[in-house]
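Take a first look at the model below. Then read on for a short tour of selected features.

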Amino acid sequence: MYFKKLIFFSCTFFLILQSITHANDLHFFILEKILPNSPRIKAFEWHGKKYWLKKSTLHKFYYLEWLGREIGALTIPITFLKPTPYRTKSPLDIEKGRLLQCEQLNIKCPRLVEYDKDWLITTDEGVSSEDFIRRLPANQKYEFVPKLLRTILDNQKKGFYHGRYYLRDMLISSKGEISVFDFEENPLYIMNLEEAKAREIFHFIVSVSTVLNKAEMQKLGACLNKNLEKKTKKLLLIFKDYKKMLTFFDFIKPYLGRDFVRFLDATFFIIRNLDLCK
């Protein structure tokens with residue numbers, strides 16, 4: 001009996017040492033081979049597995065974005081559209097913390113493998129849902145969208161708020177599993193839970209409209225009416241109060257930028273399709 005225990009503890013100790021050595025080797029590999037002269041985001045392989053490197057934003061761009069977010073948070077009247085300020089944290093620090101939060105809440109996301117002050121390494125969890133959907137046959141594109149919506153709503157029930165669910169922020173694995181990533185903000189810094197829910201659905205609508213046709217978007221409207229809470233729909237329908245201004249912008253839409261047009265189309269989609277009685 002004593003001999004069996006000795007073997008068990010010896011094997012366990014060996015595996016722990018091996019794990020530490022492997023981690024140290026990976027850290028050295030990152031410092032020596034990956035970090036030098038690499039772009040801000042880079043994929044690489046280590047012992048047959050794929051990982052992603054993400055570096056911090058260059059300071060000159062970070063402060064410009066920080067200022068823009070602070071101004072926007074003060075001036076935009078609709079709370080769930082306000083850009084989230086970074087407060088005293090850098091985007092990379094926010095992302096590190098939120099990746100760890102995902103693990104605690106059992107949210108499917110890339111796992112944080114290694115990190116330092118100015119970079120982090122995560123596991124690879126597949127391709128963006130935008131690329132995935134674009135590769136599907138035309139008659140199958142819509143069918144995957146309700147699964148993405150369900151992931152968003154399930155994450156909200158678990159108490160996790162991404163802040164901006166664009167299709168590029170959701171990953172599809174080779175097994176069809178959905179993960180979320182790119183957490184450089186926290187909407188709860190500036191809004192309550194209900195507003196955070198509305199924010200995520202609004203950005204999801206904006207993004208999905210780039211891969212679906214009009215008939216498929218109508219299906220999405222019915223799906224949203226069936227699955228969204230009444231409070232979320234009510235917040236989104238605040239755009240009705242700005243209909244005159246939105247109609248003016250719609251009139252001059254040919255002269256506006258692509259992103260603003262997508263925003264505008266999403267507001268009219270909400271006005272025309274969401275129904276508090278459904």
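**A helix and its cover**

This is a predicted model. Start with helix H5, which spans residues 141–157. Its buried residues are Lys 141, Tyr 142, Phe 144, Val 145, Leu 148, Leu 149, Thr 151, Ile 152, Leu 153, Asn 155 and Gln 156. What covers them? Helices H4 (129–135), H6 (193–208) and H7 (214–227) are part of the cover, and so are strands E6 (170–172) and E7 (178–180). After H5 comes Gly 159. The phi of Gly 159 is positive, near 90°.

**The sheet beside it**

H5 lies across E6 and E7. The helix runs at about 50° to E7. Both strands belong to an open sheet of three strands, ordered E5-E6-E7, with antiparallel pairing. Strand E5 (127–128) and E7 stand at the edges, and each has a single partner strand, so one side of each lacks a neighbour in the sheet. How many bridges join E6 to E7? There are three, and the two strands run antiparallel. Leu 171 has its bridge partner in E7: Ser 179.

**A buried charge**

Glu 200 sits in helix H6. This residue is buried, yet has no salt bridge. Which side chain of opposite charge is nearest to Glu 200? That is Arg 98, 6.5 Å away. A salt bridge needs a side-chain nitrogen of Lys or Arg within 4 Å of a carboxyl oxygen of Asp or Glu. Leaving aside residues up to four places away in sequence, Glu 200 touches Ile 152, Gln 156, Tyr 161, His 162, Gly 163, Arg 164 and Tyr 165. Ile 152 and Gln 156 are among the buried residues of H5.

Most residues other than glycine have a negative phi. His 47 has a positive phi although it is not a glycine. Asn 106, also a residue other than glycine, has a positive value too. Where do they lie, and are they buried or exposed? The table gives the details.

| Residue | Phi | Loop between | Relative accessibility |
|---|---|---|---|
| His 47 | about 55° | strand E1 (41–46) and strand E2 (49–55) | 61% |

Exposed means over 50% relative accessible area. At 61%, His 47 therefore counts as exposed.

How values were computed. Residues numbered from 1 in each chain as written. Predicted model: local features only at pLDDT ≥ 70, side-chain atom pairs only at ≥ 80, totals over all residues. Heavy atoms only, no water. Buried < 20%, exposed > 50% of the residue type's maximum accessible area, 1.4 Å probe, protein only. Helix = DSSP H or I, 4+ residues; strand = E, 2+ residues; numbered from the N terminus. Contact = heavy atoms within 4.5 Å. Pairing = 2+ DSSP bridges. Axes fitted to C-alpha atoms, helices over the stretch in contact; angles between N-to-C directions. Lys, Arg positive; Asp, Glu negative; His and termini not counted.
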